[in-house]
Amino acid sequence: MSSLVLDDRRDGLAGFPDDFRPVARDGQGDVLAVDARGKVWLFEHGRGAWSDPTPAFASLEQLHEFHAIQAELEAAEDEPLDALVARERRLRDFARKLRGAPFAKLALSTALDTLRECIKDRRFWSSPRGAGLAARHQELGRRCEQALRDAGAPGDWLVRAHADDPRALVVVGPFTEPWTSARITETLQPLLAGRLHLLCRPFPPRS
């Protein structure tokens with residue numbers, strides 16, 4: 001995401017043009033500065049000079065509006081469906097309003113696409129068909145876990161439905177030799193009968 005931090009310092013900006021006033025930095029550390037007419041420009045540090053900025057916002061007011069709402073671009077994992085729908089509506093209305101702001105366009109578009117996919121998935125899993133599929137996946141997951149124990153796979157294993165893909169199960173475990181992802185898949189494949197595929201994810205290392 002193209003996050004913004006308000007920052008009007010000139011530290012480390014040797015040779016920066018006097019007719020631009022720094023107002024912010026983006027997630028890459030690049031400078032956003034406002035000109036005498038109030039338009040905001042992005043100066044990318046990889047270009048080797050301060051002479052080739054690109055338009056970022058039509059006004060300083062736009063920049064501040066985007067800065068105020070940018071926290072809403074990131075979805076919380078446990079956010080309720082009605083809250084997701086309300087946030088998608090707010091961001092959609094904000095995107096329509098924010099004309100002439102190429103800096104914000106990609107971030108808003110990406111966030112809206114992600115929200116729409118999340119809303120679609122939540123609605124599916126809360127529907128009768130989704131709930132029935134989730135119950136079948138839960139039972140199949142238990143059978144897969146038992147199959148791994150019966151086969152002698154050491155350690156703890158979790159097999160759960162994938163949050164977004166209704167045709168996938170996620171296998172979480174230690175995955176130590178010889179119980180690699182290939183062997184786990186081979187062991188569980190007869191239970192899947194070609195209907196589902198597996199995604200193997202090792203347990204995160206302990207700190």
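Predicted model: local features only at pLDDT ≥ 70, side-chain atom pairs only at ≥ 80, totals over all residues.
Student: What is the average confidence of the protein, and which elements have the lowest and the highest mean pLDDT?

Tutor: The protein averages a pLDDT of 86, and 91% of the residues score at least 70. Among the elements, helix 4 (residues 128-150) has the lowest mean, 81, and strand 3 (residues 31-34) has the highest, 95.

Student: How many helices and strands does the protein have, and what pattern do they follow along the sequence?

Tutor: There are five helices and eight strands. Their order along the sequence is β-β-β-β-β-α-α-α-α-β-β-α-β.

Student: How do you know whether the radius of gyration of the protein is that of a compact globule?

Tutor: For 207 residues, a compact globule would have a radius of gyration near 17 Å, whereas the protein has 25 Å. Along the principal axes, the C-alpha atoms fill a box of roughly 75 × 40 × 25 Å.

Student: What share of the residues counts as buried, and what share of the accessible surface belongs to carbon and sulfur atoms?

Tutor: Of the 207 residues, 36% count as buried. The accessible surface comes to about 12400 Å², and 52% of this area belongs to carbon and sulfur atoms.

Student: Why is phenylalanine 175 called buried?

Tutor: Buried means under 20% relative accessible area. Phenylalanine 175 has a relative accessible area of 16%, so the residue is buried. Its place is in the loop between strand 7 and helix 5.

Student: How do you know which kind of peptide bond, cis or trans, joins glutamate 177 and proline 178?

Tutor: Omega is about 0° for the bond between glutamate 177 and proline 178, and the bond is cis. Most peptide bonds are trans. Proline 178 lies in the loop between strand 7 (168-173) and helix 5 (181-192).

Student: Why is alanine 95 called partly exposed?

Tutor: Partly exposed covers the range between the buried limit, under 20%, and the exposed limit, over 50%. Alanine 95 has a relative accessible area of 25%, so it is partly exposed. Alanine 95 is found in helix 2 (residues 81-97).

Student: Which residues does alanine 95 touch, not counting residues up to four places away in sequence?

Tutor: Alanine 95 touches Leu108 and Leu112. Phenylalanine 66 is 29 residues apart from alanine 95 in sequence, and their C-alpha atoms are 9.6 Å apart in space.

Student: What makes alanine 49 partly exposed?

Tutor: Alanine 49 has a relative accessible area of 40%. Alanine 49 lies in the loop between strand 4 (40-43) and strand 5 (54-57). Alanine 49 and phenylalanine 16 are 33 residues apart in sequence and 8.7 Å apart in space, C-alpha to C-alpha.

Notes. Residues numbered from 1 in each chain as written. Heavy atoms only, no water. Helix = DSSP H or I, 4+ residues; strand = E, 2+ residues; numbered from the N terminus. Rg over C-alpha atoms; globule rule 2.2 N^0.38 Å. Buried < 20%, exposed > 50% of the residue type's maximum accessible area, 1.4 Å probe, protein only. Areas by Shrake-Rupley, 256 points an atom, 1.4 Å probe, with all protein chains shown as cover. pLDDT = per-residue confidence, 0-100. Contact = heavy atoms within 4.5 Å.
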